[in-house]
Amino acid sequence: MRRQLQGLFLRSVFIYDIRRKVHVFKRCGEQAFSGKMGVIGVQLVVTMVMASILQKILPHYSLARWLLCNGRKYNGHIENKPLTVPKDIDLHLETKTVTEVDTLALHYFPEYQWLIDFTVAATVVYLITEAYYSLMVPSQEMNISIVWCMLVLAFAIKVLFSLTTHYFKVEDGGERSVCITFGFFFFVKAMAILIVTENYLEFGLETGFSNFSESAVKFLKKQGLDSQGPVSKLTFKLLLAVLCSLIGAFLTFPGLRLAQMHLDALNQTRDTLTQFLLHINFLSPLLMVLLWVKPITKDYILNPPLGKESVPLMTEDAFDTVRLWIIILLCGLRLIMMRYHLQAYLNLAQKCVDQMKKEAGRISTMELQKMVARVFYYLCVIALQYVAPMVMLLHTTLLLKTLGNHSWGIYDSSSPLEATQESSSAFSELPCPEEKMKATVTQITIALGGLKNIFTPLLFRGLLSFLTWWIAACLFSTSLFGLFYHQYLIVA
């Protein structure tokens with residue numbers, strides 16, 4: 001009875017809190033649409049609502065828990081045996097369905113749940129903001145969805161960094177050497193890629209950096225400062241190569257683990273369509289890499305070899321839009337195939353037992369239980385290694401669309417760059433009802449206008465295109481090496 005009263009009280013408090021927040025959000029929305037709010041307006045209301053959902057609803061209805069508990073089974077029970085048993089014992093593991101209670105004991109479950117749920121919230125905020133921008137065409141608002149996407153990338157990198165540090169703490173294994181080796185390999189690879197002419201890899205990085213340097217020099221001259229630019233091209237590429245080496249080191253073990261799960265999932269699946277989707281999922285980073293190889297994709301589509309009077313299949317802006325959609329669809333495919341890969345990982349417990357049966361000697365019951373339970377307890381670690389690269393690819397693509405001023409429509413006649421210039425010029429023409437608010441908005445407008453003149457869409461297009469391409473290239477390189485290692489070296 002006491003627990004029922006406590007539960008009723010908590011539900012009443014929860015409903016009251018939600019109603020109170022809805023009332024506040026309603027008032028904020030009325031102020032936003034009436035023009036009485038400051039720089040952010042409607043987007044602030046969306047952010048407040050989503051923050052409340054993250055705090056109140058997602059702990060009870062979490063997509064992260066659903067992905068782990070959606071019909072997934074693990075080998076989690078061993079009958080009571082003597083202190084030691086022969087390794088070739090006739091042992092059969094009992095399977096259990098993963099429940100929400102089981103997930104609480106998993107390593108890195110809070111980090112996994114937060115990354116997935118926050119990514120979902122950030123994606124919803126991004127979609128609402130994109131719909132709002134397409135309908136209202138706001139000229140005086142800062143796109144707050146950019147902040148959400150950057151936070152998602154920061155959380156994903158933080159999680160991968162935390163996982164990588166654990167490999168460095170292992171004294172006996174060779175995980176530390178593997179991370180260092182791949183880090184140096186990707187540093188050299190990045191330096192080699194950065195010197196490749198844009199006739200082959202069309203990131204637009206050279207054009208973007210030149211535009212950034214020229215804009216920065218003009219801005220500094222207006223401030224009375226004489227400068228050749230904030231940073232030289234060599235320093236810029238060196239810093240970018242260091243960042244690329246870190247990303248490559250963080251994606252080393254996710255790629256190696258993906259290769260093992262891919263092989264296990266193929267061996268455990270007999271459905272032809274599922275096997276085809278597994279192959280497409282494994283090759284998806286390669287498909288993303290080829291999207292920026294100019295002779296293979298862009299040159300062939302814009303200048304098809306169909307004779308002297310060849311007609312382009314699509315415009316250059318349309319090709320950029322199609323490229324964004326392809327990456328998003330491949331990320332969606334990776335999310336769909338997640339259950340097959342995680343189930344293949346959980347089946348490693350039975351695989352370890354079958355491998356043990358081929359050995360001679362005895363093993364203690366405690367060690368046998370640890371060997372089986374260890375697979376389940378590290379399920380969230382494997383899930384993070386699978387999900388984090390996908391999250392990074394998705395939100396770098398969203399940032400590329402927004403900051404690079406691309407369009408979602410293939411047949412959009414208006415130029416995004418021209419629309420941005422028009423909106424920035426109309427920014428200061430809108431009236432403000434209060435003098436203090438007007439002065440504040442004017443100051444923010446001048447500051448943001450100066451930053452927009454320096455950090456132009458050309459710079460973001462080049463930088464984010466390269467980072468998206470690099471994440472896909474690192475993931476495919478490590479997974480390809482893992483495929484070779486697990487399929488040939490271990491067997492040999």
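Predicted model: local features only at pLDDT ≥ 70, side-chain atom pairs only at ≥ 80, totals over all residues.
1. **The overall picture.** The chain has 492 residues, and 45% of them count as buried. Its secondary structure comes to 20 helices and 4 strands. As for how the chain folds back on itself, take the contacts between residues at least 6 apart in sequence: 81% of those join residues at least 24 apart.

2. **H6 against H17.** Helix H6 (residues 145-169) packs on H17 at an angle of about 150°, and the axes are 9 Å apart. That makes H6 roughly antiparallel to H17, since angles over 145 degrees get that label. The crossing of the two is left-handed.

3. **Who touches whom in H6 and H17.** From H6, the residues in contact are Ile146, Cys149, Met150, Val152, Leu153, Ala156, Ile157, Val159, Leu160, Leu163 and Tyr167. They meet Val381, Leu384, Gln385, Ala388, Val391, Met392, His395, Thr396, Leu398, Leu399, Thr402 and Leu403 of H17. Sorted by class, this contact has 19 nonpolar and 4 polar residues, with no charged ones.

4. **H11 against H20.** Helix H11 (residues 272-290) and helix H20 (residues 457-489) have axes 8 Å apart and pack at an angle of about 140°. H11 and H20 are therefore oblique to each other, because an angle has to be over 145 degrees to count as roughly antiparallel. Their crossing is left-handed. H11 brings Phe282, Leu283, Pro285, Leu286, Met288 and Val289 to the contact. On the H20 side you'll find Trp469, Ala472, Ala473, Leu475, Phe476, Ser479, Leu480 and Leu483. The class count for H11 with H20 is 13 nonpolar, 1 polar and no charged residues.

5. **H8 against H9.** Now for a right-handed crossing, that of H8 and H9. Helix H8 (residues 205-222) packs on helix H9 (residues 233-250) at an angle of about 125°, with 11 Å between the axes. The pair is therefore oblique. Leu205, Glu206 and Phe209 of H8 make the contact with Lys233, Phe236, Lys237 and Leu240 of H9. Charged residues do turn up here: the contact divides into 4 nonpolar, no polar and 3 charged.

6. **The buried side of H15.** Which residues of helix H15 (residues 348-357) are buried? They are Leu348, Ala349, Val353 and Met356. They cover an arc of only 145° around the axis, which puts them on the same side of H15.

7. **Phe182 in H7.** Have a look at Phe182 in helix H7 (residues 175-194). At 12% relative accessibility, Phe182 counts as buried, because the cut-off for that is under 20%. Leaving aside residues up to four places away in sequence, Phe182 touches Thr252, Thr478 and Phe481. There is also Ala249, which sits 67 residues from Phe182 along the chain, yet the C-alpha atoms of the two are separated by 5.8 Å.

8. **Gly41, a loop glycine.** Gly41 belongs to the loop between helix H1 (2-33) and helix H2 (42-56). Buried or exposed? Gly41 is buried, at a relative accessible area of 7%. Gly41 and Met142 are 101 residues apart in sequence, while their C-alpha atoms are 9.3 Å apart in space.

9. **Tyr108, a positive phi.** Tyr108 is not a glycine, but it has a positive phi of about 65°. You'll find Tyr108 in the loop between helix H4 (100-103) and helix H5 (109-136). With 16% relative accessibility, Tyr108 counts as buried.

10. **Asn405, also a positive phi.** For Asn405 the phi is positive at about 60°, and this residue is not a glycine either. Asn405 lies in the loop between helix H17 (379-403) and helix H18 (416-425). Its relative accessible area is 14%, so Asn405 is buried.

Notes: Residues numbered from 1 in each chain as written. Heavy atoms only, no water. Buried < 20%, exposed > 50% of the residue type's maximum accessible area, 1.4 Å probe, protein only. Arc of directions from axis to C-beta. Axes fitted to C-alpha atoms, helices over the stretch in contact; angles between N-to-C directions. Parallel < 35°, antiparallel > 145°, perpendicular 65-115°, else oblique. Left-handed = near helix turned anticlockwise from the far one by under 90°. Contact = heavy atoms within 4.5 Å. Nonpolar A, V, L, I, M, F, W, Y, C, P; charged D, E, K, R; others polar.
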